[in-house]
Amino acid sequence: MYVRRGIDHRLKSPPIAVGLAFLLVAILADARELRLGLITPPGHVWTQSAESFGEALKKASDGRHTVTVFPAQQLGNEAQILQQLQTGAVDMAFLTAAEISNRIPEFGAFYAPYLVKDISGAATLLRSDVALSMLEHLPQQIGVVGVGYGMGGMRQILMRKQATMVEDLRGRKLRITPFAPIRDFYQLLGAAPTPMPLASVYDALANGQVDGIDMDLELIVKLQYYELSETVLLSNHMMFPMVGLISARVWASFDADEQAMIRGLMRGELDALVDAYVTEERSFEARLRESGTRIIDVEKSFFGSAIQQWDDLWIGRAPVLAELRKYAARVEPEESVESQ
Ligand code: BEZ
């Protein structure tokens with residue numbers, strides 16, 4: 001009996017053991033340690049959102065997939081992160097649409113001055129079909145999958161010294177995010193746009209390397225740039241989209257179910273991030289007003305003909321601008337600049 005059971009055992013168990021081993025190997029082979037790069041510092045909303053996405057993916061995949069977030073340019077600047085996405089050396093990233101516009105000028109259309117009047121208008125535009133359809137070409141154009149849009153706050157102008165008129169910007173060195181649409185805007189205003197990564201801004205402002213910066217309210221408040229300034233021109237002159245990206249090579253290695261799971265989770269995070277900016281922009285403004293910094297509210301008329309000149313310059317490079325302006329004019333009729 002014992003022998004028979006032993007024989008039976010030996011006859012039956014190897015296939016089960018082998019099957020289990022195969023299953024284990026398959027599960028482990030399928031498990032991924034994904035790397036997500038971005039340039040914002042650890043406490044920034046984008047970084048928190050990336051971490052939250054990582055946690056959601058780990059949970060939804062029963063711990064098989066983990067995401068390590070590399071903030072603050074640990075994987076390089078945005079151009080370098082994008083290159084690594086293309087080769088598959090980095091799996092995912094949250095990048096400014098500014099960096100995408102350096103490769104695909106159509107994305108420069110998002111930076112048309114006063115395309116939208118405020119952060120709610122920016123959120124609506126980024127959820128429109130016209131904006132979402134721009135992501136569809138990213139795999140063919142630059143080898144990345146665009147999962148969806150996030151965003152930063154609306155752009156403002158912070159000056160070290162007093163500034164009340166657009167003439168006060170003339171000849172002034174103004175820090176900009178390194179990309180062409182914003183450079184053109186400040187050149188049209190007669191300023192001296194100075195491209196500079198986020199990480200260098202505080203020191204440059206503190207030591208007078210620049211006279212002012214183009215920045216959003218969140219960072220003006222959180223990184224205390226306002227302490228180095230005499231005036232903030234509260235202009236809301238541009239929106240600042242971000243794009244959730246996955247390497248097209250890495251994307252192709254997931255099956256359809258996993259792609260759907262990853263896309264759904266990342267989109268969910270990006271959507272929540274957009275909602276958070278819409279809600280929190282006001283509180284950042286309130287905190288800035290409480291700080292006692294001189295704030296001057298300015299509108300598009302402050303910038304005179306530069307807005308139309310910008311459109312004239314960019315409509316050829318980014319024809320989608322006409323469609324975006326039309327869409328924005330439809331949803332915010334009285335505030336938007338009419339399309340060409
Ligand atoms: C900037 O370059 O100003 C910037 C970049 C990423 C997030 C927010 C601001």
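Which helices each supply at least two residues of the lining of the largest pocket? They are α5 (119–126) and α12 (256–290). This is a predicted model, in which local features need pLDDT of at least 70 and side-chain atom pairs count only at pLDDT 80 or more, while totals for chains, interfaces and linings use all residues. Residues are numbered from 1 along each chain as its sequence is written, and side-chain values use heavy atoms, with hydrogens and water left out.

**Overall architecture**

- The chain contains 14 helices and 11 strands; these are DSSP runs numbered from the N terminus, helices being H or I of at least four residues and strands E of at least two.
- Of the 340 residues in the chain, 50% are buried (buried means under 20% relative accessible area, exposed over 50%, and partly exposed in between, with a 1.4 Å probe and protein chains only).
- Among contacts with a separation of 6 or more, 75% join residues 24 or more positions apart, a contact being heavy atoms within 4.5 Å.

**Largest pocket**

- The volume of the largest pocket is about 530 Å³.
- A pocket is defined on a 1 Å grid over the protein atoms alone, as an open set of points where a 1.4 Å probe fits, with protein on both sides within 12 Å along at least five of seven lines; lining residues have an atom within 4 Å of a point.
- Grid points are joined across faces, edges and corners, and a volume is the space filled by probe spheres set on the points.
- Its lining comprises 22 residues, and those nearest the centre are Lys117, Asp118, Ile119, Ser235 and Asn236.
- Helix α12 contributes the largest share of this lining, 5 residues.
- By class, the lining holds 7 nonpolar, 6 polar and 9 charged residues (Ala, Val, Leu, Ile, Met, Phe, Trp, Tyr, Cys and Pro count as nonpolar, Asp, Glu, Lys and Arg as charged, and the others, Gly among them, as polar).

**Second largest pocket**

- The second largest pocket has a volume of about 320 Å³, and of its 24 lining residues the closest to the centre are Ile39, Glu78, Thr96, Thr177 and Pro178.
- At least two lining residues come from each of α3 (78–87), α4 (97–103) and β8 (212–216), with α4 giving the most, 3 residues.
- This lining divides into 11 nonpolar, 8 polar and 5 charged residues.

**Ligand surroundings**

- Residues around the ligand include Ile39, Thr96 and Thr177, and also Trp46, Met215, Asp216 and Phe240; a residue is near a molecule if one of its heavy atoms lies within 4 Å of it.
- An N or O atom in the side chain of Arg155 is 2.9 Å from an oxygen atom of the ligand, and for Arg175 the corresponding distance is 2.9 Å.
- Thr177 places a polar side-chain atom 2.8 Å from an oxygen atom of the ligand.

**Individual residues**

- Ser49, in helix α2 (residues 45–60), counts as buried because its relative accessibility is 6%.
- Beyond residues up to four places away in sequence, Ser49 touches Phe94, Glu269 and Leu273.
- Ala329 belongs to helix α14 (residues 320–331) and is buried, with a relative accessible area of 13%.
- The C-alpha atoms of Ala329 and Leu115 are separated by 8.5 Å, although the residues are 214 residues apart along the chain.
- Ala89 sits in the loop between α3 and β3 (92–96) and is partly exposed, at a relative accessible area of 43%.
- Ala89 is in contact with Arg35 and Gln84, leaving aside neighbours within four places in sequence.
- Ala89 and Ser247 are 8.6 Å apart, C-alpha to C-alpha, and 158 residues apart in sequence.

Note on methods
Polar contact = N/O pair within 3.5 Å; in protein donor to acceptor, adjacent residues only side chain to side chain.
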